[in-house]
Amino acid sequence: MNSLRCFAKHPMISLIESDTTLKELKQIHTQLLLNGVLDDPHLLGQFVATAALKNHDNLDYSNQVLDQCENPTLFALNSMIRAHCKSSTPQKSFHFYNRILHSNNNVSPDNYTFNFLVRTCSQLLARETGPSVHGALIKHGFEHDPHVQSGLIFMYAELGCLSSCHRVFGEIPNPDLVCQTAMVSACAKCGDVGFARELFDVMPQRDPIAWNAMIAGYAQSGKSRKALDLFNLMQMMGVRVNEVSMVSVLSACSHLGALDQGRWAHAYIERNKLRMTVTLGTALMDMYAKCGNVNKAMEVFWGMKEKNVYAWTSAMGGLAMHGFGEKCLKLFSLMKQEGVQPNEVTFVSVLKGCSVVGLVKEGRENFESMSEVYGIEPQLEHYGCMVDLYGRAGCLDEALNFINNMPVKPHSGAWGALLNACRMHKNMELGELASRKILELEAKNHGAYVLLSNMYADSKNWEGVNSVREIMKAKGVRKLPGCSVIEVDGEVHEFIVGDKTHPRHDEIEMMLAEISKRLKLSGYVANTNPVLFDIEEEEKEDALCEHTEKVAIAFGLITLKEGVPIRIVKNLRVCWDCHEVTKMISKTFDREIIVRDRNRFHHFKDGDCSCKGYW
DNA sequence: TTAGGGTTAG
């Protein structure tokens with residue numbers, strides 16, 4: 001009874017809510033002081049903890065109150081570590097940890113202290129401090145606390161230290177469901193999704209969170225089909241699916257470009273009345289954008305009740321990916337008007353938006369505003385976007401100048417953007433320089449070899465083509481095999497270059513011949529330059545016929561009803577000839593064709609492409 | 001009177 005009375009929340013403290021203003025908080029504080037309520041250290045702790053936990057980003061007041069208090073309780077100090085760990089200033093947790101350590105009030109850290117502190121280290125990605133905190137908690141005897149253990153596994157996974165995850169996990173005699181799930185997630189996060197699955201399979205019991213962890217593990221490591229397979233198994237086993245499961249399912253569909261399956265997932269969410277959280281809404285929108293239906297993506301976006309920086313950034317990225325640069329920038333203005341703070345990823349979308357439509361001035365201004373207005377230091381990714389922006393617009397000198405003046409060493413991405421620009425604008429000399437730089441950094445960068453070889457082929461420099469081929473051979477560099485995917489009636493068909501095993505291979509061949517015939521009748525002459533090797537003209541045409549997007553398009557023409565757009569996802573950039581051919585097919589066969597290549601979307605219609613020849 | 005595992009944008 002006594003303890004209940006002691007820990008019941010004071011009615012005035014209960015008034016503190018997450019939307020309590022600072023002024024109101026001060027009024028409550030003054031009242032509590034006048035009434036002598038805060039003379040009780042437990043109630044003071046309650047006030048500070050409530051104020052801090054209700055608003056993670058306004059901890060100053062609680063900090064001040066506690067700093068003026070000579071002998072705060074362990075509860076109050078732990079609460080401050082917990083609040084800071086979730087705030088934008090997690091490092092301040094250590095101030096309160098130090099107060100616990102150096103308290104003259106007989107206070108010493110407990111399992112709560114270390115649990116919160118370990119989470120602070122995860123937030124901070126504290127490579128050195130994390131292990132020290134681990135050492136300290138062992139010294140204080142808390143390494144057997146299951147909350148602390150799962151926290152440590154999570155922390156080491158965030159730090160990318162799988163061996164430490166294994167060490168912690170291996171030392172737990174009987175890990176509970178939570179620790180096992182944390183370990184499954186940690187292995188998947190650190191790249192060992194196979195071991196994650198082994199662990200998952202031998203778990204004596206699995207709740208929906210464990211299933212979600214494994215599905216997410218697959219989705220995040222690019223094993224999208226496995227993610228969808230496991231989701232199907234989850235349903236078959238009668239495990240309760242929730243909105244978190246669907247986020248991973250949608251993410252897997254986005255990755256595959258599987259629009260039918262994505263639509264099915266959308267219908268499933270509605271049918272089962274799953275909660276449309278901002279995360280789920282973002283995943284849904286992203287799925288539609290990445291599967292080629294940008295209008296539907298924007299419809300989802302505008303229908304979202306809450307839009308955070310992820311939602312805005314994803315919508316802007318979707319627009320940029322489809323070539324709608326101006327719309328992307330308009331959305332950026334709107335986002336700022338709404339008071340949503342952009343982050344570094346937002347600027348990647350902004351710069352891509354500028355790049356796809358050649359808005360050099362706007363791109364430069366936005367890039368400069370990153371550090372000047374928003375205090376965000378540009379990362380390599382942003383520098384790459386800027387080189388792409390200048391290069392794509394044909395300002396090759398400025399692109400080179402930009403690279404040469406980068407405050408950090410230019411990475412292969414920056415040189416790669418320049419190389420692609422050189423290909424677009426046919427600048428052989430600079431292209432050679434760019435490829436040399438890339439290969440100095442990454443001797444086996446197959447993309448650079450292919451681009452360079454294609455540039456030589458474009459200028460009929462067969463000697464150049466051969467020399468690239470020789471170097472590739474000597475260094476054991478293989479061209480990444482092309483692969484195109486098309487979905488028909490909810491089934492994903494994958495065409496890999498040279499693979500003739502598709503059950504309808506013969507029909508596809510016939511359709512390819514038909515396409516060839518009809519295109520020739522319309523005056524098409526194959527541009528054979530992008531074929532990597534210098535071979536006889538006729539053979540070259542055959543090799544081009546095998547570019548996987550053409551095979552997938554042929555399959556689409558056979559299987560999809562008239563008027564249904566053909567949607568292809570390709571793992572490489574579309575080559576110039578395929579781009580021309582696809583334009584012509586869209587006209588000759590009166591068919592809309594939407595291709596997602598490694599970089600962006602191409603919408604082919606009536607003999608034209610939305611990229612206007614720049615990709 | 002404070003605590004643990006699963007989700008979104010490059």
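## Charges

In the charge count used here, Lys and Arg are taken as positive, and Asp and Glu as negative. By that count, chain A of this predicted model carries 66 positive and 72 negative charges.

## Overall form

Chain A has 615 residues, and its secondary structure consists of 32 helices and six strands. Taken along the principal axes, a box of roughly 95 × 55 × 50 Å holds the C-alpha atoms of chain A.

## Burial, surface and contacts

Of the residues of chain A, 51% count as buried. The chain exposes about 30200 Å², and 51% of this area is supplied by carbon and sulfur atoms.

The contacts considered next are those in chain A between residues at least 6 apart in sequence. Of these contacts, 62% join residues at least 24 apart.

## The second largest pocket

Empty space can be located by rolling a probe the size of a water molecule over the atoms. The second largest pocket contains about 500 Å³ of space. Its lining is made up of 24 residues. Nearest the centre of this pocket lie T181, A182, S185, I209 and A213.

Which helices each supply at least two residues of this lining? They are α9 (146-158), α11 (177-189), α13 (208-220) and α15 (243-256). The most is given by α11, which contributes eight residues to the lining of the second largest pocket.

Key
Residues are numbered from 1 along each chain as its sequence is written. Chains are lettered from A and ligands numbered from 1 in the order in which they are written. This is a predicted model: local features need pLDDT of at least 70, side-chain atom pairs count only at pLDDT 80 or more; totals for chains, interfaces and linings use all residues. Side-chain values use heavy atoms; hydrogens and water are left out. Helices (H or I, at least four residues) and strands (E, at least two) are DSSP runs, numbered from the N terminus. Buried means under 20% relative accessible area, exposed over 50%, partly exposed in between (1.4 Å probe, protein chains only). Contact means heavy atoms within 4.5 Å. Accessible areas come from the Shrake-Rupley method with a 1.4 Å probe; for residues, only the protein chains shown count as cover. The place of a charge is taken as NZ of Lys, CZ of Arg, CG of Asp or CD of Glu. On a 1 Å grid over the protein atoms alone, a cavity is a set of points where a 1.4 Å probe fits but cannot get out, and a pocket is an open set with protein on both sides within 12 Å along at least five of seven lines; lining residues have an atom within 4 Å of a point. Grid points are joined across faces, edges and corners, and a volume is the space filled by probe spheres set on the points.
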